[in-house]
Amino acid sequence: MSAPSLLDVCAQVCAPGGDLVVTFANWSHVDFVINWLVGIRQLGVTSFVVVALDERSLRFFSRLGVPCALWHDPSSPEQAVYSEEARFGTLGFRAICNEKPRLVLCLLSAGYNVLWTDSDIVWLR
């Protein structure tokens with residue numbers, strides 16, 4: 001699957017300089033992201049991106065029409081230990097936690113105002 005780059009997807013939902021909400025997904029947390037999407041859409045938030053940390057999540061959310069991009073940073077030592085099954089407390093989970101600030105820095109450097117939120121956060125008005 002040829003996936004658009006993260007910056008290309010971000011540009012489709014928000015121009016640089018705008019506010020962008022970002023959450024992360026791997027296959028073991030898809031249910032959290034689905035719940036997060038329901039809440040954020042009910043609030044009318046449209047400038048958001050789901051960052052997939054594995055191909056399976058990317059395919060799933062892309063099929064649903066969710067603005068989604070695969071995060072791949074070959075310079076990151078953490079990239080090698082990602083897996084679809086990176087559950088809480090595992091080495092893969094810790095690697096993902098270490099990678100999130102790197103991705104946010106990438107978006108900040110591209111000019112976006114980034115609100116990073118984990119997918120187990122419920123948004124209310």
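1. Confidence first. pLDDT is the predictor's confidence in each residue, on a scale from 0 to 100. The chain averages 83, and 77% of the residues score at least 70. Where pLDDT is low, the predicted coordinates should not be read in detail.

2. Ground rules. This is a predicted model, numbered from 1 along each chain as its sequence is written; local features need pLDDT of at least 70, side-chain atom pairs count only at pLDDT 80 or more, and totals for chains, interfaces and linings use all residues. Side-chain values use heavy atoms, with hydrogens and water left out.

3. Elements. The chain has four helices and four strands. From the N terminus on, they run α-β-α-β-α-β-α-β. Helices (H or I, at least four residues) and strands (E, at least two) are DSSP runs, numbered from the N terminus.

4. The sheet. Four strands form an open sheet, ordered β3-β2-β1-β4, with parallel pairing. β3 (68–70) and β4 (113–116) stand at the edges with a single partner strand each, so one side of each is left without a neighbour in the sheet. From one strand to the next, the twist averages 30°. Two strands pair if DSSP finds at least two bridges between them. Strand β2 (residues 48–52) and β3 pair in the parallel sense over three bridges. Ala52 has Leu70 in β3 as its bridge partner.

5. Helices on the sheet. Helix α1 (residues 6–13) lies across β1 (19–25), β2 and β3, and runs at about 160° to β2. Helix α2 (residues 30–42) lies across β1 and β2, at about 175° to β2. Axes are lines fitted to C-alpha atoms, for helices over the stretch in contact, and angles run from 0 to 180 degrees between N-to-C directions. Contact means heavy atoms within 4.5 Å.

6. Of the 125 residues of the chain, 42% count as buried. Buried means under 20% relative accessible area, exposed over 50%, and partly exposed in between (1.4 Å probe, protein chains only). Among contacts in the chain with a separation of 6 or more, 68% come from residues 24 or more positions apart.

7. Aromatic pairs. The whole structure holds four of them. Trp27 and Phe60 pair edge-to-face, at 5.5 Å centre to centre and 80° between the planes. Trp27 lies in the loop between β1 and α2, and Phe60 in helix α3 (residues 55–63), so the pair ties together parts 33 residues apart in sequence. Trp27 is partly exposed, at 23% relative accessible area. Ring pairs link Trp27, Phe60 and Phe61 into a cluster. Rings of Phe, Tyr and Trp (its six-membered ring) pair if their centres lie within 6.5 Å; planes under 30 degrees apart count as stacked, over 60 as edge-to-face and the rest as tilted.

8. A second ring pair. The centres of Trp36 and Phe48 lie 5.8 Å apart with planes at 85°, so this pair is edge-to-face. Trp36 lies in helix α2 and Phe48 in strand β2, so the pair ties together parts 12 residues apart in sequence. Trp36 is buried, with a relative accessible area of 2%. Phe48 is buried too, at 4%.

9. Ser28. This residue sits in the loop between β1 and α2. Ser28 is buried, with a relative accessible area of 10%. A polar contact of 3.2 Å joins the side chains of Ser28 and His29. Such a contact is a pair of N or O atoms within 3.5 Å; within protein, one must be able to donate a hydrogen and the other to accept it, and residues adjacent in sequence count only if both atoms are side-chain atoms.
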